[in-house]
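Work through the exercises below with the structure open beside you. Try each task before reading its solution.

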Amino acid sequence: MTPIAGFVDEMVKKGGLILLAARPGVGKSTLAFNIAGNMSIDCRRRVAFFCMETGGALSAQSLVCSRAHVKVSALRNNKMTSAEKDRIAATARIVKDAPLFIDERRDWDIVELVNKIREMNSEQKLDLVIVDYLQLVMSDKGETREEKLENVARELKALSYELHIPIIVTAMLSRHNEMGAGHPKLEELHEIGLAAQQADSVWFLDRRYTRTHRDEDRRLAKLYVENKEILLKFFPEYLEFCDIGEDEDSSR
């Protein structure tokens, strides 16, 4: 079990609704799918992943590439070495056998989504549900955009308690203060602020140097969870986040 897999496993055991928020282009969907892979492959947890943004085929392809350490571009353009083809084939078999259930529908209404998760859980008890992402789930309740998203979060939280299953839902932060100092904060949630109040835990993913500094710094990422900073390194060619350490002091 990798450190991030162990940490996430510890966090999801607490249950409830977890909001994973990041600004556009930072990699929230990639991290969510990395978590799905870690939980299902490394921890043998049954995971349901609703990938409304990327689609199931691309998500599965990305997972295989990240686990096999083969560039996504090489796979898509069929420009792999013999060794890479062997790794892809072996990894694809592992992913296929993992208890990971990918749903690629992109137009979920919150009522339909809740019913679908209940149905899946009744057929095979789930250990984790991931929804990517909050703003793509529709709701008829609420007058404003903020109220509709709050209702989506409220329904997912209630479902998490009802089924005793942790649910991670990703959410997109606005670009406001994107280049400012410091990591994303609750005050910057804007349209998802009401939804965040429903969450039992809010995680922030930050890659502060995406557009500045040297290439090596642009790989640096941090996952802020409560009083922890999980230090990560991002490899866009593999669509993978890897552990590089952990820092308990989030005030720095």
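The model is predicted: local features need pLDDT of at least 70, side-chain atom pairs count only at pLDDT 80 or more, and totals for chains, interfaces and linings use all residues. Residues are numbered from 1 along each chain as its sequence is written, and side-chain values use heavy atoms, with hydrogens and water left out.

**Exercise 1.** Decide whether S40 is buried or exposed, and list what it touches.

Solution. Step 1: buried means under 20% relative accessible area, exposed over 50%, and partly exposed in between (1.4 Å probe, protein chains only). Step 2: S40, found in helix α2, has 0% relative accessibility and therefore counts as buried. Step 3: contact means heavy atoms within 4.5 Å. Not counting residues up to four places away in sequence, S40 touches R45, V47, A98, P99 and L100. Step 4: a polar atom of the S40 side chain lies 2.8 Å from the backbone oxygen of A36.

**Exercise 2.** For H164 and L239, find phi and the accessibility class.

Solution. Step 1: H164 is in the loop between α7 and β5, and its phi is near 60°, a positive value in a residue other than glycine. Step 2: at 69% relative accessibility, H164 counts as exposed. Step 3: L239 lies in the loop between β8 (228-235) and β9 (240-247), with a positive phi near 55°. Step 4: L239 counts as partly exposed because its relative accessibility is 22%.

**Exercise 3.** Describe the largest pocket by volume and lining.

Solution. Step 1: on a 1 Å grid over the protein atoms alone, a pocket is an open set of points where a 1.4 Å probe fits, with protein on both sides within 12 Å along at least five of seven lines; lining residues have an atom within 4 Å of a point. Step 2: a volume is the space filled by probe spheres set on the points, and for the largest pocket it is about 290 Å³. Step 3: 21 residues line the largest pocket, and the closest to its centre are S29, T30, E53, T54 and L239.

Technical notes:
Helix = DSSP H or I, 4+ residues; strand = E, 2+ residues; numbered from the N terminus. Polar contact = N/O pair within 3.5 Å; in protein donor to acceptor, adjacent residues only side chain to side chain.
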